[in-house]
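Please look through the sequence and the model below, and then follow the paragraphs that take its helices, sheets and loops in turn.

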Amino acid sequence: MKLPVVSPEVPAAANCRFSGGCGLGEAPAVLPEAIAEKLRNHPCYSEEAHHHFARMHVAVAPACNVQCHYCNRKFDCANESRPGVVSERLSPEEALRKVLAVAAELPQLAVVGVAGPGDPLANPERTFRTLALVRAAAPDLRLCVSTNGLALPDHVDELRAAGVDHVTVTINMVDPEVGARIHPWIVHGGRRLEGRAAAEVLSGRQLEGVRRAVAAGMLVKVNSVLVPGVNDRHLVEVNRAVRGLGAFVHNVMPLISDPAHGTHYGLTGQRGPTAEELEAVQRACEGDARVMRHCRQCRADAVGLLGQDRSQEFTLARLPPGPAQDAAEVRAAHRAAVERLRDRAAGARAERLRAVASVPADLRARVAVATRGEGRVNEHFGHAPSFQVYDVSRAGARLVGLRRVDAYCVGGEGEDDALEGALAALSDCTAVLVAKVGRCPREKLAAAGIEAVSEHAHAFIEEAALAWFARFAAEVARGERTPRPTSAETAGEASCGSTICTG
Ligand SMILES: C[S@@+](CC[C@H](N)C(=O)[O-])C[C@H]1O[C@@H](n2cnc3c(N)ncnc32)[C@H](O)[C@@H]1O
Ligand code: SF4
């Protein structure tokens with residue numbers, strides 16, 4: 001799918017944010033209403049929607065037909081938010097009970113997905129029964145499925161009939177030589193295939209699945225796990241292939257690798273990418289395509305706003321007994337409230353943009369933001385498990401990624417390490433916008449060249465970022481401050497022949 005080129009002067013998020021667009025970089029007029037409607041409240045497909053709408057994954061699909069070197073579904077930790085991890089597996093009936101209980105508590109709930117812990121389409125009976133039960137009980141909830149794609153070509157019609165209009169397919173390679181280094185085996189047609197032969201079949205089926213899903217009118221997101229030294233240079237080719245087939249958005253995610261997880265990569269010391277490496281590949285894939293940058297790589301039983309996992313509050317043992325009432329009218333009221341909030345945020349943003357209109361076009365700064373949702377600066381520096389990072393210029397604020405950190409204010413001996421970790425994670429930022437910050441971390445941030453800014457607490461993120469940027473630009477103009485190059489700028493200068501080169 002070829003997308004129209006948007007003027008670089010026009011900020012990515014600004015173009016579509018309040019017009020039913022996805023916040024991923026396209027002008028509102030570009031998106032047909034049918035697609036805009038599908039994005040409006042889907043947190044995983046729309047950067048803007050993820051501030052306001054929640055999703056839940058129901059863990060009804062235990063088996064998998066592919067082995068990936070990074071996945072071990074046996075390892076579970078309630079405190080860990082990581083793909084493939086679940087606390088309990090559910091029957092379709094239990095999944096429905098849980099959906100209705102969550103929907104009664106969370107007016108923001110908009111999406112129910114099946115994303116494992118194995119592969120939804122390797123467990124078709126359980127998956128389709130779950131989808132049918134949820135659709136009958138709560139028809140306003142969107143349904144989605146996340147699959148490795150091996151069985152996708154066989155199930156597109158059934159997915160469509162089940163009311164699924166969002167499908168995520170994990171595609172890490174289009175070259176079987178690369179694939180054999182990521183996927184050691186698959187089971188297909190009742191046979192186990194290994195190495196290159198397995199990767200060849202997997203790749204063919206994945207691409208065919210994307211083609212058929214797009215042809216059936218579904219919105220397809222492609223996930224790729226970035227494995228340094230294995231597929232980092234190759235993902236541009238994957239991007240080209242899936243875009244050619246009409247995939248709507250590409251989500252390049254960092255490999256999560258730890259020896260404690262017992263995966264092949266963890267045990268052999270394969271590392272995940274640095275923030276700079278991830279950003280370089282995302283930038284290389286961007287071109288005229290949509291690239292997702294707000295993914296939180298959530299658990300297969302995640303519940304809540306992205307980044308706010310509430311799965312442990314909704315285990316089977318904690319669900320209310322008996323059949324729950326659906327709360328569709330509460331969700332409708334929430335959707336209407338979000339529309340009003342979107343209008344207010346658009347107004348605030350337009351005003352701030354006017355205030356920075358005279359700033360030189362080439363001045364930009366990178367800022368980190370502590371947020372708990374609603375699109376606001378509303379998290380304490382020390383409580384943030386991650387920071388959203390934006391590049392700010394007179395054109396607006398553009399999300400460049402997410403930096404996970406250990407929350408600093410948890411007490412105990414790890415505090416100093418956590419603060420050092422946060423300083424390292426934000427080392428390319430000029431400022432961090434927070435709801436609150438203590439004196440000690442403020443001083444340490446300042447010593448590292450990062451200004452802690454709390455005067456815009458509870459403001460909308462882009463409004464706050466632009467307000468800070470106006471002051472920053474004035475200080476630069478007076479010679480009181482020097483702009484700091486972002487890691488993207490320094491990586492860009494060194495990109496040819498290093499991490500990746502698209503030229
Ligand atoms: C657990 S899978 C379940 C759905 C399906 N089986 C699949 O692979 O797409 C969900 C997503 O998590 C990703 N994932 C699993 N383990 C990961 C890891 N250690 N690091 C990064 N991504 C991982 C998968 O590649 C996939 O995109
Ligand atoms: S396909 Fe999905 S569930 Fe299966 S091994 Fe790979 S990541 Fe895990």
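Angles under 35 degrees count as roughly parallel, those over 145 as roughly antiparallel, those from 65 to 115 as roughly perpendicular, and the rest as oblique. The model is a predicted one, in which local features need pLDDT of at least 70 and side-chain atom pairs count only at pLDDT 80 or more, while totals for chains, interfaces and linings use all residues. Residues are numbered from 1 along each chain as its sequence is written, and chains are lettered from A and ligands numbered from 1 in the order in which they are written. Helices (H or I, at least four residues) and strands (E, at least two) are DSSP runs, numbered from the N terminus.

Two packed helices are described by the angle between their axes and the distance between the axes. Here the axes are lines fitted to C-alpha atoms, for helices over the stretch in contact, and angles run from 0 to 180 degrees between N-to-C directions. Helix α5, residues 152-161, and helix α7 have axes that come within 8 Å and cross at roughly 20 degrees, and therefore α5 and α7 are roughly parallel to each other. The crossing of α5 past α7 is right-handed; a crossing is given this name if the near helix is turned clockwise from the far one by less than a right angle, and is left-handed if the turn is anticlockwise. On the α5 side the contact is made by L152, P153 and V156, and on the α7 side by R205, E208, G209, R212 and A213, where contact requires that the C-beta atoms of two residues, placed from the backbone, lie within 7 Å. By class, this contact of α5 with α7 has four nonpolar, one polar and three charged residues, with Ala, Val, Leu, Ile, Met, Phe, Trp, Tyr, Cys and Pro counted as nonpolar, Asp, Glu, Lys and Arg as charged, and the others, Gly among them, as polar.

Helix α7, residues 195-215, also lies across β2, β6 and β7, and runs at about 110 degrees to β7. These three strands form an open sheet in the order β2-β6-β7, with antiparallel pairing, two strands being paired if DSSP finds at least two bridges between them. The edge strands, each pairing on one side only, are β2 (66-67) and β7 (191-194). Strand β6, residues 185-188, is joined to β7 in the antiparallel sense over four bridges, and W185 has E194 in β7 as its bridge partner.

Which residues come nearest to ligand 2? Of the ten residues around ligand 2, these are C64, V66, C68, C71 and N148, where a residue is near a molecule if its C-beta atom, placed from the backbone, lies within 6 Å of it. The shell around ligand 2 divides into four nonpolar, five polar and one charged residue.

A second open sheet has five strands in the order β13-β12-β11-β14-β15, and its pairing is mixed. Its edge strands are β13 (396-404) and β15 (451-453), each of which pairs on one side only. Strand β12, residues 386-393, runs antiparallel to β13 and is joined to β13 by eight bridges, and Q388 has L402 in β13 as its bridge partner.

Two further helix pairs can be followed in the model. Helix α3 (residues 92-105) and helix α4 (residues 124-137) pack at an angle of about 35 degrees with their axes 9 Å apart, and α3 passes α4 in a right-handed crossing. Their contact has eight nonpolar, one polar and two charged residues. Helix α11 (residues 328-355) packs on helix α14 (residues 461-477) at an angle of about 15 degrees, with their axes 9 Å apart, which makes α11 roughly parallel to α14. The crossing of α11 and α14 is left-handed. In this pair A348, R349, R352, L353 and A355 of α11 meet E462, E463, L466, A467 and A470 of α14, and the contact residues divide into six nonpolar, no polar and four charged.

Most residues other than glycine have a negative phi, and most peptide bonds are trans. The peptide bond from G116 to P117, however, is cis, with omega near 15 degrees, and P117 lies in the loop between β3 (109-114) and α4. H458, although not a glycine, has a positive phi of about 75 degrees, and H458 is found in the loop between β15 and α14.
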